[in-house]
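Dear colleague,

Please find below the structure that I am handing over to you.

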Amino acid sequence: MSNDIKQSSEAKKLARELLEQGKVSAVIGYAEGTLKGRVQTLIARNPLDAEKFIFNEYCVNNLAVYLTKSYRLLKSDKPVAVFLKPCDIRTVTALIQEHQIKREDIFIIGMSCQGVRNGNGLSGKCRACRMHNPQYSDAVIGEAIEEKEPEVTDPFARVKEIENMSTQERWQFWTKEFDKCIRCYACRQACPLCYCEQCIVDKTQPRWIESSAHPVGNMAWHLIRAFHLAGRCIGCGECDRVCHQNIPLSLLNMKMSKEIFDLYGYRSGVDPEAKPPLTEFKMEDNEEFIR
Amino acid sequence: MNENFEPKIAAFVCTWCTYTGADLAGTSRLKYEPNVRVLRLPCTGRIDFSLVIKAFENGADGVLISGCHPNDCHYNAGNFHARRRFAVFRKLLEFVGIDPNRVQFSWVSAAEGAKWRDVVNEVTDEIRSLGPFTEYQKLIAGSFPFQNEMSEPEVISEKEQVENVK
């Protein structure tokens, strides 16, 4: 606990300095939430607000989402600073690859992280986490953490379980899950890589995806959402976390990541210079399935 | 399975190769299965998978996607891009429990009228053997076999609600 307090005070100090010295136009960070065990996002524009910043084990959300959807509101001639956990930093890498942001426009405050909680226990993604120390950041808050073998060694265990089901069982599993969907689009809003100004699901002429919570529309929405994130999703697990119907959405994304890695040896959010796999091709790509 | 089942197949083809190939099959008076509905697009690279899903939503039992052979694309690289996307999309379909054989891919050039005939015949046979896409048709009807199993939402009395808040 004392570690949290130390890290919070370091974060406050840095945010205050950055704002006072005019190095950044705003700092995006975490602040105490209205309930115990919850945090909220705080966008500080003046040094006084910086006093409200905290960092603790409840800071589960990925603040990189504010770098696309709200970025236009924050953009100025100065960079924007943002608190990012080591896993969240991959989002910035992916956004740079896709030319959504420039590295020099973002001041990354990397938070060394022991894992965060989602509800009562350690968040699912943290169980398989191998990144505790932030890379690629402009400043690091917190002490270096010794890298250790994670609790869950195979993050794809659940995906493999579903792969081993029969086609019929998989269909049953997913239709049952998708049937719960109420189409609130929280998954889309929380996703830092779902940044289209107009989402295909909102288009009405023609309407590609039935927008009521009908089984046909739900199937189409989840298939298209997963496909649009193929080779892009960095696995922050925000879609899972915000889904109050508890649909295991990140399984679809993980399946896509797994296939992309098997087919093209690509991992999203690792190399800012790499080209996303579905925007390029090789002559010798696999075409066994083509007649 | 219904003995007389005839599948409906939506064929998304590129205008430069496969569409012209299919045209050649027609002008050469080649006979092939009448189950495909040909939809012409500029390039396989243009094929958004929303189209495939839309085809299923409109009652297709299978989808055939066909374009130029590698290195033959009118736009140089459209089919290469498409190939990568097909490879990934097939895996996604498989993962949600759709038989990936319901979506077939081929390269048919403008000179391959006979290949088009063969592809259509083979694909039709394959989809016919898979049977009607009843799973998706049930989705369209909005009915699930397990809908009755779903439990009723828990009713919380006002008194309990007040206590929960306390």
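The notes below take up the interface, the pockets, the salt bridges and the backbone in turn. Please bear in mind throughout that this is a predicted model.

Interface between the chains

The size of an interface is often given as the accessible area lost when the parts come together. For chain B and chain A, that buried area is about 4,600 Å², with 69% of it on carbon and sulfur atoms. Three residues, Arg83(B), Arg84(B) and Phe95(B), supply 20% of the area that chain B buries against chain A, which is more than any other three residues. In terms of contacts, 47 residues of chain B meet 47 residues of chain A.

The polar side of this interface can also be counted. Between chain B and chain A there are 16 residue pairs in polar contact, both residues being at pLDDT 80 or more. The elements of chain B that give two or more residues to the side touching chain A are helix H2 (49–57), helix H3 (78–96), strand S4 (103–107), helix H4 (113–130) and helix H5 (134–141). H3(B) provides the largest share of that side, with 16 residues. Sorted by class, the side of chain B that touches chain A comprises 26 nonpolar, 7 polar and 14 charged residues.

There are 4 salt bridges across the interface of chain B and chain A. In one salt bridge, Arg291(A) is paired with Glu126(B), and their closest N and O atoms are 2.6 Å apart.

Rolling a probe the size of a water molecule over the atoms shows where empty space is left. The largest pocket has a volume of about 1,400 Å³. Its lining consists of 48 residues, of which Lys125(A), Ala128(A), Pro155(A), Gly235(A) and Met254(A) are the closest to the centre. In chain A, helix H3 (86–97), helix H4 (124–127), helix H5 (157–163), helix H9 (238–242) and helix H10 (249–264) each contribute at least two residues to this lining. The largest share, 9 residues, comes from H10(A). By class, the lining of the largest pocket divides into 23 nonpolar, 12 polar and 13 charged residues.

The second largest pocket holds about 690 Å³ of space. It is lined by 30 residues, and those nearest its centre are Cys194(A), Tyr195(A), Cys196(A), Glu197(A) and Gln198(A). Helix H2 (71–74), helix H7 (186–190) and helix H8 (215–228) of chain A each give at least two residues to the lining of this pocket, and H8(A) gives the most, with 4 residues. The lining of the second largest pocket has 13 nonpolar, 6 polar and 11 charged residues.

Salt bridges in the whole structure

Over all chains, the search finds 26 salt bridges. One of them joins Glu163(A) to Lys255(A), with the closest N and O atoms 2.8 Å apart. Glu163(A) lies in helix H5 of chain A and Lys255(A) in helix H10 of chain A, so this pair ties together parts that are 92 residues apart in sequence.

Backbone

Most residues other than glycine have a negative phi, and most peptide bonds are trans. Two places in the model may be read against that background. Gln205(A) and Pro206(A) are joined by a cis peptide bond, with omega at about 0°; Pro206(A) sits in the loop between H7 and H8 of chain A. Asn71(B), although not a glycine, has a positive phi of about 75°. Asn71(B) belongs to the loop between strand S3 (62–67) and H3 of chain B.

With kind regards

Methods
Residues numbered from 1 in each chain as written. Chains lettered and ligands numbered in written order. Predicted model: local features only at pLDDT ≥ 70, side-chain atom pairs only at ≥ 80, totals over all residues. Heavy atoms only, no water. Contact = heavy atoms within 4.5 Å. Buried area = accessible area lost by both parts, 1.4 Å probe. Salt bridge = Lys/Arg side-chain N within 4 Å of Asp/Glu carboxyl O. Polar contact = N/O pair within 3.5 Å; in protein donor to acceptor, adjacent residues only side chain to side chain. Nonpolar A, V, L, I, M, F, W, Y, C, P; charged D, E, K, R; others polar. 1 Å grid on protein atoms, 1.4 Å probe; cavity = no way out; pocket = protein on both sides within 12 Å on 5 of 7 lines; lining within 4 Å. Points joined across faces, edges and corners; volume = space filled by probe spheres on them.
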